[in-house]
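Welcome to my notebook, and thanks for reading along. I jotted these entries while looking things up one by one.

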Amino acid sequence: KDPERGIMTEPLELATIVARFAPPDVGKAMALQLAIRRAVHQSVLRPEDELPSTRRAAEALEISRNTVLEAYEGLNAEGVIETRRGARPVICALPDCTTPASQGASAIPRSSRGRIAGDDHRQGYVIGESRALAPGLPDPDLFPRDDWATSLRRAARLSRNGNDMYDAYEGLPELRDALARYLKRYRGANVDPAQVFIVPSTQSALALLADLFADPGDTALMEDPCYAGGRAAFEARGLVVRPLEDPVATGRAGAPPRLLYVTPSTQYPTGTRMKLKRRMELLAFARAHRALILEDDYDGDFVWRGINVPPFLSLDDAGHVVMIGTASKSLLPALRLAWVIVPMSLVEPVRRAHRALGYAVNVQVQAAFADFIRSGQFARHLRAAARVYRDRMACMTAAIRTRLGPGVGVSSPDGGLQILVRLQDGADDRAIAEQMWRAGFQVLPLSRLCIESVQRGIVVGFACANAERADQFAKTLSTLLAEGQPREADVGVAP
């Protein structure tokens, strides 16, 4: 021991330190660097202590001298040790950032907005290991993997110059153009590619629009019952969510709402289509109060009654409707691909906010989807999937009607991938849903989707249904109801 320089760490001591502090499954140089850093952090090695030379350390640790040199250079760059020619490395003085064991880790305070965002806005509904009959999910087995792989390979081989960097942050020009053409041909919406913005999901689109066009405390009107993800996006940004029943009365009662969220093609979760009269009433209200209508066209490609209805966007000539679409239902949620169609008057502010808030989407996925649309594969896939889903919807509704009889209301939806089984007034659909979960069916209680109304039912996805699964579901639900349908007074319903 040198009283002026501290303790001279011997090679064997260094080997003990490495054995104690080095994390597993880490490269040798990084393991040595982390072990010494942790030993310093826990005061096993102290300021002015010396480390062995690179040669002696390498011999003791049975590693190459270059490996030790790499670790020492890393520690020197971090300021953990000081190295000088002809001398052993010396531990530097570092500030003490350890927490006394008695004190424990301190909780990081969240902002008021962070507390809202961290709440369980979906009210405990989380899809578990079993996704059988979960609403809102397509059948992954119908995804055209070979055709998609062909488009993805083409996309990976193409060079896009600046678009491979940060150009076209709002979306690849070829995808924006392909979507505009597709919406015009198949949905009757006259869209300019400049109006199209590519985002990762419907939820991110709603978050972007809420950030840009509403302040915390403003009102957003939603259908009641509603899509829980939309409500979560609005409430996480401090908006007050109210039911979209009589927007005129809502406007008279106080400050008019800033956002009106609707699912007109297929109302979620009831599966009904919004009538033209109602669309015109909402559009007139939005114009009068300078509000923005957010049209979620999540299931607009799957229509079971009549033909595709032109979107809300096609009625708007004053810049009050934003249309949101997604590939999550038509292809796969895992693609993380959605789009927002905004009025021309809002293109520039949306473009800036889209970039500032970081809503970009993988470029190769965008290019593959553009190729998938232009090649006609997307339209062919939708036609084939729609035929399958229509048969599965009929299979599911028939099984429910056969097993449960007229006492339970179920009707074929106008569109979408889920049906609603309505229960008698007072039934505890949450308790029933929990028992169905235990039986392996990820259904959703209707009451969890209500804002102010009191409605009871079970929302059931049919995308992955077959005759056996549909009958087993209906049989399980029938058995639960026959055993004594849980009532609110018996079980209790969380607010």
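I began with a term: a helix crossing is left-handed if the near helix is turned anticlockwise from the far one by less than a right angle, and right-handed if clockwise. I also noted that the model is predicted, that local features need pLDDT of at least 70 and side-chain atom pairs count only at pLDDT 80 or more, while totals for chains, interfaces and linings use all residues. Residues are numbered from 1 along each chain as its sequence is written, and side-chain values use heavy atoms, with hydrogens and water left out.

**Entry: the whole chain**

I looked up the elements and found 17 helices and 13 strands in the protein chain. Helices (H or I, at least four residues) and strands (E, at least two) are DSSP runs, numbered from the N terminus. Of the 495 residues, 50% count as buried; buried means under 20% relative accessible area, exposed over 50%, and partly exposed in between, with a 1.4 Å probe and protein chains only. I then checked contacts (heavy atoms within 4.5 Å). Among those in the protein chain with a separation of 6 or more, 74% come from residues 24 or more positions apart.

**Entry: helices α8 and α9**

How do α8 and α9 cross, left-handed or right-handed? I found the crossing to be right-handed. The axes of α8 (residues 202-213) and α9 come within 9 Å and cross at roughly 30°. Axes are lines fitted to C-alpha atoms, for helices over the stretch in contact, and angles run from 0 to 180 degrees between N-to-C directions. On the α8 side I listed Q203, L206, A207 and A210, which meet G229, G230, A232, A233 and F234 of α9. By class, this contact has 6 nonpolar, 3 polar and no charged residues. Here Ala, Val, Leu, Ile, Met, Phe, Trp, Tyr, Cys and Pro count as nonpolar, Asp, Glu, Lys and Arg as charged, and the others, Gly among them, as polar.

**Entry: the sheet of 7 strands**

I traced an open sheet with the order β3-β9-β8-β7-β6-β4-β5 and mixed pairing. Two strands pair if DSSP finds at least two bridges between them. β3 (196-199) and β5 each have a single partner strand, so one side of each edge strand lacks a neighbour in the sheet. From one strand to the next, the twist averages 25°.

Next I looked at β4 (residues 219-222), which runs parallel to β5 and is joined to it by 4 bridges. T219 has V240 as its bridge partner in β5. The chain goes from β4 through α9 (residues 228-235) to β5 in a right-handed β-α-β crossover. Such a crossover is right-handed if, with the strands pointing away from the viewer, the path from the first strand over the helix to the second runs clockwise.

Which residues of β5 (residues 240-243) are on the covered face? I noted V241 and P243 there, with V240 and R242 on the uncovered one. In a regular strand the side chains alternate between the two faces of the sheet.

**Entry: the sheet of 4 strands**

I read the order of this open sheet as β10-β11-β13-β12, with antiparallel pairing. β11 (residues 418-422) and β13 share 5 bridges, and Q418 stands opposite G461 in β13. In β13 (residues 457-461), 5 of 5 residues are buried. G457, V459 and G461 point one way and I458 and V460 the other.
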